[in-house]
2 protein chains.
Amino acid sequence: MSQSTESTRAGGTSGRRPTLAVVGATGAVGTVMLGILSQRQDVWGEIRLVASARSAGTVLRVRGEDVVVQELTAEVFDGVDVAMFDVPDEVSAQWAPVAVERGAVVVDNSGAFRMDPDVPLVVPEVNPAQVRNRPRGIISNPNCTTLTMMDALGALHHGWGLTELVVASYQAASGAGQPGVDRLYDELAVVGGDRTLGQRSGDVRGALEEKLGSVPSPFPAPLALNVVPWAGSPKDGGWSSEELKVRNESRKILGIADLKVSATCVRVPVVTTHSLAVHAVFQRPLTVEDARQALVEAPSVVVVDDPEQGDFPTPADVVGADPTFVGRLRQSLDFPNAIDLFVCGDNLRKGAALNTAQIAELVAAELSAA
Amino acid sequence: MSQSTESTRAGGTSGRRPTLAVVGATGAVGTVMLGILSQRQDVWGEIRLVASARSAGTVLRVRGEDVVVQELTAEVFDGVDVAMFDVPDEVSAQWAPVAVERGAVVVDNSGAFRMDPDVPLVVPEVNPAQVRNRPRGIISNPNCTTLTMMDALGALHHGWGLTELVVASYQAASGAGQPGVDRLYDELAVVGGDRTLGQRSGDVRGALEEKLGSVPSPFPAPLALNVVPWAGSPKDGGWSSEELKVRNESRKILGIADLKVSATCVRVPVVTTHSLAVHAVFQRPLTVEDARQALVEAPSVVVVDDPEQGDFPTPADVVGADPTFVGRLRQSLDFPNAIDLFVCGDNLRKGAALNTAQIAELVAAELSAA
């Protein structure tokens, strides 16, 4: 909604700009969210920052102004039109319905409601119309790993009909929040000057134990000089919760109930930006040039794909950017109608805060236009 | 061959223990090879160490003795029964035939001969009989990325008939040799104390440029705080040489001419040990427990697979060990007859030196028995 037309609107918010609450404002995603809200075209009236009692009273800067963080209570949602939640699943499960009861539309970035059939799971570039299909007053933001590839796969699915996905992830530490980032930096400070580590079984583990033994890690193994093939919690059949999210959320967002998916989720020593190696199979024949053209035309996708010139996406080059970066486009040599690609996306931005902000803006436009 | 029976043997080496030449003795794989030759049951008579003129004269320790490195010449192969080569492709292409001409059987770890139909490509646990099928007198050792998964996939193929592989790699710096290891340590020394890096596009690249700008890197992008979706040289269709090796060498080793393979090869900031996320499809139905049992029974495979207890293979825990470590075994939820798994193997040991030593020992046994 442009600012010049805002005053002519009436309805859901009676012509005023909607009030936004940001719940979880002090976390890793919350911090990025405040930056995004300060950078994007401003559709909001009041922005209320909310966090746990421990963080209440903190002063944070948003849209160039200092805002005092308020404690999460039922009353804090009074007068709120849209409430974004970026808090643990159990906090969302408890408080999102409270916010709805107080009159807010909730955009939730936890896993609490994503697979609820009465809660839409939205990527604005892929299924924006689903925003209005919210009988519980809650809209879910997808898991960051799934989100990393949705814009690109949405564009390809639109053209050729996706049927199968085999995905391996290279997930950043910040997917585990600020404790993940802190832990990676702590570990790198230990290993960064030692040119003997990583050459004998367990030597990295031993060095970290010696220097950081008393500090708990959010990761189940050393992350520095290592990769950790586990993210999330254990589910049936040896799958991790993260891997099942990639499968189930991809099906729901793309609207393909029988999409075949196998995902292996692996944490890597990268601060921010998830990467995915994707093997995608389609109903209809496509060439790699077909796929490239569709991705180039997708507004939120940037194709970086000239390996001979060193051009391919890497997380350290992509971090901080809004689009999904795609490269290493290859036509599978042996699988019909299949394309292999490598995708990088900032897991705190498009993977979390940006997509949440985009959904909230769709709701704001709807409320303002109502 | 046991030492007690050695003196009774006659034939190829006339009862004496065969003479071994190690060409490329001063490289990253060569260094590991000398350790392996010192640890394994000793089947060799003389061990001759060979390298380029630049490294000739260096004294290295093998089997507890100091050995002076000799320059690579035709004459150095006189009297040699088996010559292991771990040198660049073009050096092998030139010198392996010279060694054969001088009477040696060559076990070559370069890419120069691997796809030659007259050169067997051998993994002793998978296709040991191929060692004798060497009309050119040359036996090739597979690429380290392919080798990482061959023991495990060989065991599964034996049981259920492999038809399709989708693979994403997490490849260690030492796959690019000692310069790769040096570079990773150099980069980690730069980023290891800076808790701001990895949060803005290009900040890692900038810091490395500032501190290491004059030092060339074997990698086409920063490796610290990053992953690099490129290994090897460019081939047709956007594929890297490494990715095509995984496809073509898997087909040759397993003897499956029409095996469908898509591989994406990615370098990660790990010193040594390659990891692979593997999606494997089979002709015949199998359960994850079938697969687990076959892998447990495979002599060179160790199954580490209890994620709830934090038990899965990681490269930092596997480095320096001989077996292939397999974990994260999962039955694909949507693909019939498919298993997903995560494999780690030391790319300098089973991925290079150890497999080469095992092949050479097969030849030694044959020559001694002849």
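This tour moves through a predicted model in a series of selections, from the pair of chains to individual residues.

**Both chains**

Begin with chains A and B displayed together. The same surface serves both copies, since 100% of the contact residues of chain A recur in chain B.

**The annotated active site in chain A**

Next, select Cys144(A) and His274(A), which an unreviewed UniProt entry lists under "active site". These residues are spread over 131 residues of sequence, yet they cluster in space, with a largest C-alpha distance of 8.0 Å. From this set, Cys144(A) belongs to the lining of the second largest pocket.

Centre the view on Cys144(A), which is part of helix H4 (residues 144-160) of chain A. Its relative accessibility is 14%, and Cys144(A) therefore counts as buried, the cut-off being under 20%. Beyond residues up to four places away in sequence, Cys144(A) touches His274(A), Asn347(A) and Gly351(A).

His274(A) is buried, with a relative accessible area of 0%. Leaving aside neighbours within four places in sequence, the contacts of His274(A) include Cys144(A), Thr148(A), Tyr170(A), Gly175(A), Val343(A) and Asn347(A). Display the backbone of Ala172(A) as well: the side chain of His274(A) reaches its nitrogen at 3.0 Å.

**The annotated binding site in chain A**

Now select Thr26(A), Gly27(A), Ala28(A), Val29(A), Arg54(A), Ser55(A), Ser174(A), Gly175(A) and Asn347(A), which the "binding site" annotation of an unreviewed UniProt entry covers. The selection spans 322 residues in sequence, and its farthest two C-alpha atoms are 25.8 Å apart, so the residues do not all gather at one spot. The lining of the second largest pocket takes in Thr26(A), Gly27(A), Ala28(A), Val29(A), Arg54(A), Ser55(A), Ser174(A), Gly175(A) and Asn347(A).

- Thr26(A) is placed in the loop between strand S1 (20-23) and helix H2 (28-39) of chain A. At 35% relative accessibility, Thr26(A) counts as partly exposed. Among the residues it touches, not counting those up to four places away in sequence, are Ala51(A), Ser55(A) and Val69(A).
- Val29(A) is found in helix H2 of chain A. Val29(A) is buried, with a relative accessible area of 12%. Not counting residues up to four places away in sequence, Val29(A) touches Asp86(A), Asn109(A), Leu348(A), Ala352(A) and Ala353(A).

**A sheet in chain B**

Six strands form an open sheet in the order S5-S2-S1-S6-S7-S8, with parallel pairing. Strand S5 (70-71) and strand S8 (138-140) of chain B stand at the edges with a single partner strand each, so one side of each is left without a neighbour in the sheet. Within this chain, strand S1 (residues 20-23) and strand S2 (residues 47-51) run parallel and are joined by four bridges. Select Val22(B) and Leu49(B) to see a bridge pair, the latter residue being in S2(B).

**A last stop in chain B**

Finally, select Asn355(B) in helix H10 (residues 349-369) of chain B. Asn355(B) counts as buried, at 0% relative accessibility. Its contacts, leaving aside neighbours within four places in sequence, include Val122(B), Glu125(B), Asn141(B), Leu147(B) and Arg349(B).

Note on methods. Residues numbered from 1 in each chain as written. Chains lettered and ligands numbered in written order. Predicted model: local features only at pLDDT ≥ 70, side-chain atom pairs only at ≥ 80, totals over all residues. Heavy atoms only, no water. UniProt positions renumbered as here; feature names shortened; annotations may be inferred. 1 Å grid on protein atoms, 1.4 Å probe; cavity = no way out; pocket = protein on both sides within 12 Å on 5 of 7 lines; lining within 4 Å. Helix = DSSP H or I, 4+ residues; strand = E, 2+ residues; numbered from the N terminus. Buried < 20%, exposed > 50% of the residue type's maximum accessible area, 1.4 Å probe, protein only. Contact = heavy atoms within 4.5 Å. Polar contact = N/O pair within 3.5 Å; in protein donor to acceptor, adjacent residues only side chain to side chain. Pairing = 2+ DSSP bridges.
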